[in-house]
Amino acid sequence: MSLVKKFATVASGTLMSRILGFTREMFMAAALGTGPVADAFNAAFQLPNTFRRLFAEGAFNAAFVPLFSKEIEANGIDGAKRFSEEVFGVLFSVLLVLTIAMELAMPLIVRYLVAPGFADIPGKFDVTVRLATIMFPYLICMSLGAMMAGMLNSLRRYFAAAVAPVFLNIILIAVLAYAWYEGKDAHYVGYGLAWGVLAAGIVQLAIVWIAVRNAGMRIGFRRPHMTPNVKRLLWLALPAAITGGITQINQLIGTAIASGQNSAVSSLAYADRVYQLPLGVVGIAVAIVLLPELSRALKSGNMVEAANLQNRSVEFTLFMTLPAAAALLVLSDPIVRLLYERGAFAANNSTPTVAAILAIFGLGLPAFVLIKAFTPGYFAREDTRTPMIFAAISVVVNVAVALTLFPSMGAPGIAVASAVAGWLNAVMLLAVLIRRGHWGRDIPLLKRIPRLVLAAVLMGIALYFGERWFATELSSASHLATKALTLTTLCAAGAVIYFVVAFAIGGADLGMIRRNIKRGGAKTPAAPADME
């Protein structure tokens, strides 16, 4: 299967999840707006969701996958199964102890870590604590599910792990639809969503568990024991979790700072949902597929193949991400009006703030995606320390910039800090890969990048004038269908302009597309008969 086809397999599941996520946020914005319950739910959900992203997109796709792949190569499926059972026993035990401790300490965690700004608002603080207490066991399900997803990705069975998150949005949409139909108040909606998150975690874990069993890897529980392989995993996993989840760590910090201002937490959450679409569909798909592919190429000593994988991944990410960044920057206002401006959200006049945050996130989007493409170059070589150091530096920069800008800019200042930290992290990752000789010099790629940037800039200019031309159709007073049709037409026209210009000036060519589509990967390791 070609690299792009593998990206597409993962991206299709992620795309379903993100589209349903939009639907969920549209319902939530109408039901809760940017009011106190919305702030409380988003702050409470940030804690388990951050851990989920640290594990699912960081530690286990960075540390577990190379070791699991190595076990398959060295000891076959039986060795990989034994390693997985050792990890499962330790992971489950640690998560159980951690969850109990966090549940008992939740008031302190919310007060001093998640939302210190809520401490002086008794009603808001108490609701946040209760919602966080309900949702935190989601961590156990998601962390064990991340391990199962890592196994599936190593076996090149990407779809089940990609589609499982869809059920979080399906369940939460059902909760919101029921609450709207029954006319429930905001507090009922908040608690219903919290229980929905917990239920979704159980469903998601069941999906990947069944997929692993169908792949012939029936994992049993072993008494926790620190074997050499488990020690190696833990040694790699901590820095990998910090590195792979740097965007989420910065978001958690941003939430804590934003809790000092009413509506800031929920405004950041609504904008985050929009830019997570291209980040999830392109960036996370590339990271998930690239790591096991790159690990195999390095294990077999095929340096040419490893360099080609990295260059093609960056080529693909920029080709797809730059136009998305331009669209978010220029069309942030009409996007927010279309998706959210109704019910409680419209009543709170939240559009200007959320749109400003979204535009800034658009500027940082290429950096967030490039981080996902660069870090596998370290993780596949079992170097998780270097990117962790860079992640720590970017966190410090994020905090400093956010604290500096928040008093004057409010929530948009936190978005600026996140974008600055993202670009700094991406530049440091690339610079050290080049210095170590781990990044192959690719002249065609170097020639294409500025041309792709130019194509995206020209597209952005066209969208700017298009938005001004159709200002009436995109205004708040316009009918929903008119806004949707106009915005869709503008985006489609912008995409045509981008691709035509990119091909015309040499930013892309048919040969590049054919190489990415036809390029085959290494063969999947032999599986026992019951894996098919």
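Tutor: Happy to. The structure holds five salt bridges, a salt bridge being a side-chain nitrogen of Lys or Arg within 4 Å of a carboxyl oxygen of Asp or Glu. Before the pairs, a word on the source: this is a predicted model, in which local features need pLDDT of at least 70 and side-chain atom pairs count only at pLDDT 80 or more, while totals for chains, interfaces and linings use all residues. Residues are numbered from 1 along each chain as its sequence is written, and side-chain values use heavy atoms, with hydrogens and water left out.

Let's begin with lysine 124 and aspartate 39, whose side chains meet at 3.0 Å, N to O. This pair links distant parts of the chain, 85 residues apart: lysine 124 belongs to helix H4 (residues 122–135) and aspartate 39 to helix H2. Helices here (H or I, at least four residues) and strands (E, at least two) are DSSP runs, numbered from the N terminus. Both lysine 124 and aspartate 39 are buried; buried means under 20% relative accessible area, exposed over 50%, and partly exposed in between, with a 1.4 Å probe and protein chains only.

Next come aspartate 383 and arginine 436, joined by a salt bridge of 2.7 Å, N to O. Here too the pair links distant parts of the chain, 53 residues apart, with aspartate 383 in the loop between helix H16 (376–379) and helix H17 (385–409), and arginine 436 in the loop between helix H18 (411–435) and helix H19 (443–469). Aspartate 383 counts as buried because its relative accessibility is 17%, whereas arginine 436, at 35%, is partly exposed.

Aspartate 333 and arginine 337 form a salt bridge with their closest N and O atoms 3.8 Å apart. These two are separated by about one helical turn, because they are four residues apart in helix H13 (residues 332–340). Aspartate 333 has a relative accessible area of 30%, so it is partly exposed; arginine 337 is buried at 17%.

What surrounds another arginine, arginine 24? Leaving aside neighbours within four places in sequence, arginine 24 is in contact with Leu168, Asn169, Leu172, Ile173, Leu176 and Arg273, where contact means heavy atoms within 4.5 Å. Arginine 24 lies in helix H1 (residues 3–32) and is buried, with a relative accessible area of 5%.

For the setting of these pairs, the protein comes to 21 helices and zero strands, and buried residues make up 59% of its 532 residues. The largest nonpolar core has 146 residues, of which Phe68, Met151, Leu193 and Met217 touch the most other members. Helix H2 (residues 36–104) gives the most to this core, with 22 residues. Such a core is a set of buried Ala, Val, Leu, Ile, Met, Phe, Trp, Tyr and Cys residues joined through side-chain atoms within 4.5 Å. Phenylalanine 68 touches Ala80, Phe83, Ser84, Met151, Ser154, Leu155 and Met217, not counting residues up to four places away in sequence.

Cysteine 141 is buried at 10% relative accessible area, while cysteine 491 is partly exposed at 31%.
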